[in-house]
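Subject: Structure handover

Dear colleague,

Please find the sequence and structure below. My notes on what was found follow.

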Amino acid sequence: MAFTAFSAQTSAAEQGTKRRSPIALFLLLPGILYLVLFFVTPLISLIITSFQEPDPLRFGVYTNAFRWENYVTVLETYGEQSLRSAGFAALATFFALLIGFPLGYFIGITLRPYPLLQGLALVLVIAPFFISFLLRTLAWKQIFSDEGPVAGVLGALAILPPGQAITGTAFSVIFGLTYNFVPFMTLPIYATLASLDLRLLEAGNDLYGSPAVTFRTVTLPLSAAGVMSGTLLTFIPAAGDYINASREFLGSADTTMIGNVIETNFLVLQNFPAAAALSIVLMAAILILVSLYVKRSGTEELL
């Protein structure tokens, strides 16, 4: 009888699941349509454009084809910019982690007994989002200019020749990327550490572990989810950024990143297949790097 009752309950549960399936599908339909319309469709269009070839009779007009040589051409032509983008993004991510982890630890653990100060510190981290990304970067261009305070201080210390601006250098671009994406690193780390059970840290101290050992064996492993999320949220947009490296902001011709190349091909040269091919290559490269990073860090279950 018990088996019969269990079977009846299982059958009833399955029937309930079947009845709910159309309702669940109906509720998911708007989201699915949104993804298809604004993500899948543009991606398919981008892939089709990347294989187009120029019309021999009309300038700036391209026809559908399967010209895979477009990918070979962009890789040969813009390989330097691609490597520079990966290098700049990796350095910016590293520096953002150096800044964001102590900041997230301070807000999430040190300030936990002081909710008011903790909330104020969070507001200060989020405050840059209240100002346009462009305005913030433009402000740093003025600060780094040859008449700005930073150049004046460095010139007085004989670190920078008088009258020379810092803008247009690799330092200014990496600095801009780090500054603009530090909140993306800090907030996930804070969210992870804010839920960390402090009794685990106390247990580490009770077992005669030094602060360094407790941090390495307890705090860091338990904050891996936040570190991974912050790293991805920083590296991915930094690799495709074209504002900081732009000549109108913190960059120059020597600091051009792949995002600037894509922008130029789309809007100036109107070489749409090259721009589309570069975009696909950038997405594929980021996907591969992220997959390798997640696999190496052993955090596949966090995705």
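Where is the place of Ala65? Ala65 sits in the loop between strand 2 (62-63) and helix 2.

Before the rest, some conventions. This is a predicted model, in which local features need pLDDT of at least 70 and side-chain atom pairs count only at pLDDT 80 or more, while totals for chains, interfaces and linings use all residues. Residues are numbered from 1 along each chain as its sequence is written, and side-chain values use heavy atoms, with hydrogens and water left out.

Overall layout

The chain has twelve helices and two strands. From the N terminus on, the order of elements is α-β-β-α-α-α-α-α-α-α-α-α-α-α. Of the 303 residues, 35% count as buried, where buried means under 20% relative accessible area, exposed means over 50%, and partly exposed lies in between (1.4 Å probe, protein chains only). Taking contacts (heavy atoms within 4.5 Å) between residues at least 6 apart in sequence, 66% join residues at least 24 apart.

Confidence

The mean pLDDT (the predictor's confidence in each residue, from 0 to 100) is 83 for the chain, and 83% of the residues reach 70 or more. Where pLDDT is low, the predicted coordinates should not be read in detail.

Aromatic pairs

Rings of Phe, Tyr and Trp (its six-membered ring) pair if their centres lie within 6.5 Å; planes under 30 degrees apart count as stacked, over 60 as edge-to-face and the rest as tilted. By this rule there are 17 aromatic pairs. One of them joins Tyr34 and Phe38, which are tilted, with 4.9 Å from centre to centre and 45° between the planes. Because they are four residues apart in helix 1 (residues 2-50), Tyr34 and Phe38 are separated by about one helical turn. Tyr34 counts as partly exposed because its relative accessibility is 47%, and Phe38 is partly exposed with a relative accessible area of 49%.

Phe51 and Tyr71 form another tilted pair, at 5.3 Å centre to centre and 50° between the planes. This pair links distant parts of the chain: Phe51 is in the loop between helix 1 and strand 1 (53-54), and Tyr71 is in helix 2 (residues 69-77), 20 residues apart. Both Phe51 and Tyr71 are buried. Elsewhere, Trp140, Phe144, Phe171, Phe175 and Tyr179 make up one aromatic cluster.

Individual residues

Phe51 also meets Ala65. Leaving aside neighbours within four places in sequence, Ala65 is in contact with Phe51, Gln52 and Glu53. Ala65 counts as partly exposed, at 31% relative accessibility.

Thr49 belongs to helix 1 and is buried, at 17% relative accessibility. Not counting residues up to four places away in sequence, Thr49 touches Phe272, Pro273 and Ala276.

Val173 is in helix 7 (residues 170-194) and counts as buried because its relative accessibility is 0%. Beyond four places in sequence, its contacts are Phe88, Asn244, Ala245, Leu250, Gly251, Thr255 and Met257. The C-alpha atoms of Val173 and Phe249, 76 residues apart along the chain, are separated by 8.9 Å.

Gln270 lies in the loop between helix 11 and helix 12 (272-297). Phi of Gln270 is near 55°, a positive value in a residue other than glycine. Most residues other than glycine have a negative phi. Gln270 is partly exposed, at 35% relative accessibility.

The largest pocket has a volume of about 290 Å³. Its lining has 19 residues, of which Thr256, Asn260, Val261, Glu263 and Thr264 lie nearest the centre. Helix 11 (residues 258-267) gives the largest share of this lining, five residues.

Regards

Definitions and conventions:
On a 1 Å grid over the protein atoms alone, a cavity is a set of points where a 1.4 Å probe fits but cannot get out, and a pocket is an open set with protein on both sides within 12 Å along at least five of seven lines; lining residues have an atom within 4 Å of a point. Grid points are joined across faces, edges and corners, and a volume is the space filled by probe spheres set on the points.
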